[in-house]
Amino acid sequence: MKRLLVAVAIVLVHLWAAHLVVAAGFFKVGEPAPIFSLTSVTGDAVSLEQLKGKVVVLGLFHICDPCMTQGTNLQKVHEAMTGKNVAVVGVNSSGDSKRGVGEFLSAFPVKVTYPYLLDPNKTTDKLYGGGKFIPNVYVIDQRGVIRWQRVGNMELAGAEVIIQEVEKLLAASTPAGAGTM
């Protein structure tokens, strides 16, 4: 019995390590963020291209509890970054209906006020590596380059951590000696 448990543990560790290797292959920190254009649940057109010049916090979500938690974290980021050169954007990357996404958003413990986009053709799932690893959060710099990324809802992708990454990019873009407004 002990040998069986050890063998199962070894297999599970290998599967987990393989999952991380596969996930790492999808997310290219330092590479340009794939461009997309979608419509928000409120009917507004939003494209990643139009957000160049801002630090973008991009969340890719399905309708799931970890996605609700991470989407709530993005609301905290959105509120903390109000008035700064930052855009927070959520995407329902699994192709769910507008009605389904609306019901999902209404179940959040907070009101989502950042743009939440519909992706009926699962474009972002294809561009950003598929829906196997959800939720995903990306921090994209002002030139459109992915600078930080985390998979899943975990302490490593909490609002405080994301805010810290955003502030690094904002500070790097501030000319020496210039104050913030």
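Now zoom in on one pair. Strand 1 (residues 37-40) runs antiparallel to strand 2, and the two are joined over three bridges. Within that pairing, Leu38 stands opposite Val46 of strand 2. As background, strands of a sheet pair through backbone hydrogen bonds, either parallel or antiparallel.

## The chain from end to end

How many helices and strands does the chain have? There are five helices and seven strands. If you follow the sequence, they come in the pattern α-β-β-β-α-β-α-β-α-β-β-α.

Take the contacts with a separation of 6 or more: 76% of them join residues 24 or more positions apart.

## Helices across the sheet

## What's inside

Of the chain's 181 residues, 43% count as buried. The largest nonpolar core has 46 residues, and the ones touching the most other members are Val57, Leu58, Tyr128, Ile140, Ile162 and Val166. Several elements each supply at least two residues of this core, among them strand 3, helix 2, helix 3 (98-106), strand 5 (116-118) and helix 5.

Is Cys67 buried or exposed? Cys67 counts as buried because its relative accessibility is 0%, under the 20% cut-off. Cys64, with a relative accessible area of 24%, is partly exposed. As for disulfides, the count comes to zero.

## Two loop residues

Ile35 lies in the loop between helix 1 (2-26) and strand 1. Its relative accessible area is 44%, so Ile35 is partly exposed. Leaving aside residues up to four places away in sequence, Ile35 touches Leu48, Glu49 and Leu127. Ile35 and Leu127 are 92 residues apart in sequence, yet 8.3 Å apart in space, C-alpha to C-alpha.

Lys122 is found in the loop between strand 5 and helix 4 (123-127). The phi angle of Lys122 is near 55 degrees, a positive value in a residue other than glycine. With a relative accessibility of 39%, Lys122 counts as partly exposed.

The chain has a mean pLDDT of 84, and 78% of its residues reach 70 or more. Which element has the lowest mean pLDDT, and which the highest? Helix 1 has the lowest, at 48, and strand 5 the highest, at 98. Over residues 11-25 the pLDDT is below 50, and this stretch has three contacts in the model beyond near neighbours in sequence.

Residues 177-181 also stay under 50 in pLDDT, and the model gives them zero contacts beyond four places in sequence. Where pLDDT is low, the predicted coordinates should not be read in detail.

Methods
Residues numbered from 1 in each chain as written. Predicted model: local features only at pLDDT ≥ 70, side-chain atom pairs only at ≥ 80, totals over all residues. Heavy atoms only, no water. Pairing = 2+ DSSP bridges. Helix = DSSP H or I, 4+ residues; strand = E, 2+ residues; numbered from the N terminus. Core = buried A, V, L, I, M, F, W, Y, C linked by side-chain atoms within 4.5 Å. Buried < 20%, exposed > 50% of the residue type's maximum accessible area, 1.4 Å probe, protein only. Contact = heavy atoms within 4.5 Å. Disulfide = S-S within 2.5 Å. pLDDT = per-residue confidence, 0-100.
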